[in-house]
Amino acid sequence: MDMGRESRSEKDAMTVEIVFALMTAAVLAGVIFAVAWALVLALDLSGSAERGVLAGGALLGAVAGVWRLVRVLLRFDEQRRMGH
């Protein structure tokens with residue numbers, strides 16, 4: 001593979017992979033936060049307990065989303081370098 005300029009199809013593949021990584025990361029983060037929110041509703045939490053669980057869910061969701069984004073993009077870069 002030419003390490004210079006990328007072809008149009010290579011650029012399109014990168015764009016698709018970036019969008020896929022962003023969307024799956026956002027969905028994962030949203031699902032984790034929704035679980036935390038459902039936990040608050042199911043346990044009828046209020047006050048600082050509610051805020052703590054929601055903050056923990058938001059933090060865990062953000063970390064999981066970033067992890068997913070990095071993992072997908074690194075996997076794509078590795079496959080691209082191998083010529084797949």
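Modeller: Start with burial: a residue is buried under 20% relative accessible area, exposed over 50% and partly exposed in between, with a 1.4 Å probe and protein chains only. Arginine 80 has a relative accessible area of 23%, so this residue is partly exposed. The model is predicted, so local features need pLDDT of at least 70 and side-chain atom pairs count only at pLDDT 80 or more, while totals for chains, interfaces and linings use all residues. Residues are numbered from 1 along each chain as its sequence is written, and side-chain values use heavy atoms, leaving out hydrogens and water.

Colleague: How many helices and strands are in the protein?

Modeller: Helices (H or I, at least four residues) and strands (E, at least two) are DSSP runs, numbered from the N terminus. Here there are two helices and zero strands. Helix 1 covers residues 8-43, and helix 2 covers residues 47-82.

Colleague: What radius of gyration does the protein have, and what would a compact globule of 84 residues have?

Modeller: The radius is taken over C-alpha atoms, and the globule rule is 2.2 Å times the number of residues to the power 0.38. A compact globule of 84 residues would come near 12 Å, whereas the protein has 18 Å. The C-alpha trace spans about 60 × 15 × 15 Å along its principal axes. Buried residues are 14% of the 84. The accessible surface, from the Shrake-Rupley method with a 1.4 Å probe and, for residues, only the protein chains shown as cover, comes to about 6200 Å². Carbon and sulfur atoms hold 68% of that surface.

Colleague: What share of the contacts with a separation of 6 or more comes from residues 24 or more positions apart?

Modeller: Contact means heavy atoms within 4.5 Å. In the protein, 71% of the contacts with a separation of 6 or more join residues 24 or more positions apart. A C-alpha distance is another way to look at a pair: glycine 56 and glycine 30 are 26 residues apart along the chain, and their C-alpha atoms are separated by 13 Å. Glycine 56 is in helix 2 and, with a relative accessible area of 35%, is partly exposed.

Colleague: Which residues is glutamate 17 in contact with, leaving aside its neighbours within four places in sequence?

Modeller: With those neighbours left aside, the list is Val72, Leu73, Arg75 and Phe76. Glutamate 17 lies in helix 1 and counts as buried because its relative accessibility is 15%.

Colleague: How many salt bridges does the count come to?

Modeller: Side chains of opposite charge can pair when their charged atoms come close. The rule asks for a side-chain nitrogen of Lys or Arg within 4 Å of a carboxyl oxygen of Asp or Glu, and the count comes to four. One of them joins glutamate 17 to arginine 75, with the closest N and O atoms 3.7 Å apart. That pair links distant parts of the chain, since glutamate 17 is in helix 1 and arginine 75 in helix 2, 58 residues apart. Arginine 75 is partly exposed at 35% relative accessibility.

Colleague: How many aromatic pairs does the structure hold?

Modeller: A pair of aromatic rings is described by the distance of the centres and the angle of the planes. Rings of Phe, Tyr and Trp (its six-membered ring) pair if their centres lie within 6.5 Å; planes under 30 degrees apart are stacked, over 60 edge-to-face, and the rest tilted. The structure holds one such pair. Phenylalanine 33 and tryptophan 37 form it, tilted, at 6.3 Å centre to centre with 50° between the planes. Both lie in helix 1, four residues apart. Phenylalanine 33 is partly exposed at 29% relative accessibility, and tryptophan 37 is partly exposed at 48%.

Colleague: Where does aspartate 44 lie?

Modeller: Aspartate 44 lies in the loop between helix 1 and helix 2. Its phi is near 55°, a positive value in a residue other than glycine. With a relative accessible area of 65%, aspartate 44 is exposed.
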